Structures are given as C-alpha cells and as structure tokens.
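Open the model in a viewer and keep the selection panel at hand. The stops below go from a group of rings to the helices and the core.

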Amino acid sequence: MDFRKAVVMSSSDALRQLLIDFFGLPSDIELENITQKAIPAWDSLVSIQLIAELQGRFKVDFDVEQLESLRSYSGIATALSRKCVTDFRSGSKHAP
C-alpha cells in the first residue's frame, strides 16, 4: 500500500492546523512549504517538542526509525497513516 497516496489532505485538517499553530505559520501556507528546511525555527530541540505534541494529539508512539521522516507535513502525514491515524480532522484513530 502506498501510504502517501492513502492520505487525503484537507486544508482544514488537524495536522495542518497543529503545525500552523505550533510554528506560528500563516494560515494560508501551502502544505509543501511545511518542512524543516523551510522553517528556520524548526531545529532539533523543536523537533523533539513537535514529536511530543504529535504523540499526545494523535495518541501514537513513533519508533526511532520513524523519527527521521517527521521533517515535513507530508512525512508526518505518512507516518500517522502508518499508525492507522486516517482522520486528521479529528485526530482520531481508525483501523484500516
């Protein structure tokens, strides 16, 4: 299964809003611009804080191997979908 294609991204989704609020981004930011490279404040310490926020909000735990992929909206969305979080609008967990 291609998880990148399985994730349907909405402009009003909870992941997008979490990242906008967390980093203080403009509300009209394009999803492809939510990356660690594009956001100067997104350093290693902030990454740890973001991971804790994601785990609390979406009720998941990330493996050490997955942490490297949590550097963009797309990477985070894919990691969440692999954890069976498919409804980003509510942050709820659904079985595939």
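Rings of Phe, Tyr and Trp (its six-membered ring) pair if their centres lie within 6.5 Å; planes under 30 degrees apart are stacked, over 60 edge-to-face, and the rest tilted. The count by this rule is two aromatic pairs. One of them, Phe22 with Phe23, is edge-to-face, at 5.0 Å centre to centre and 80° between the planes.

This is a predicted model, in which local features need pLDDT of at least 70 and side-chain atom pairs count only at pLDDT 80 or more, while totals for chains, interfaces and linings use all residues. Residues are numbered from 1 along each chain as its sequence is written, and side-chain values use heavy atoms, with hydrogens and water left out.

Colour the two Phe residues by accessibility. Buried means under 20% relative accessible area, exposed over 50%, and partly exposed in between (1.4 Å probe, protein chains only). Phe22 is partly exposed at 29%, whereas Phe23 is buried at 14%.

**Helix H2**

Next select 14–23, helix H2. Helices (H or I, at least four residues) and strands (E, at least two) are DSSP runs, numbered from the N terminus. Seven of the ten residues of H2 are buried, so this helix is largely enclosed by the rest of the structure. Among the buried ones are Ala14, Arg16 and Ile20. Show H3 and H5 as well: both are included in what covers the buried residues of H2.

Look at the two ends. Asp13 caps the N-terminal end of H2, with a side-chain oxygen 3.2 Å from the backbone nitrogen of Leu15. After H2 comes Gly24, whose phi is positive, near 65°.

**The core**

Which residues have the most contacts inside the largest nonpolar core? They are Leu15, Leu19, Phe58 and Ile76, in a core of 25 residues. Such a core is a set of buried Ala, Val, Leu, Ile, Met, Phe, Trp, Tyr and Cys residues joined through side-chain atoms within 4.5 Å. Helices H2, H3 (44–58) and H5 (73–82) each give two or more residues to this core, and H2 gives the most, with six.

Centre on Leu19. Leaving aside residues up to four places away in sequence, Leu19 touches Gly24, Leu25, Ile34, Leu50, Tyr73 and Ile76 (contact: heavy atoms within 4.5 Å).

**Helix H5**

Finish at H5, which is mostly covered, with eight of its ten residues buried. These include Tyr73, Ile76 and Leu80. H5 is followed by Cys84, whose phi is positive, near 70°.

Note on methods:
Polar contact = N/O pair within 3.5 Å; in protein donor to acceptor, adjacent residues only side chain to side chain.
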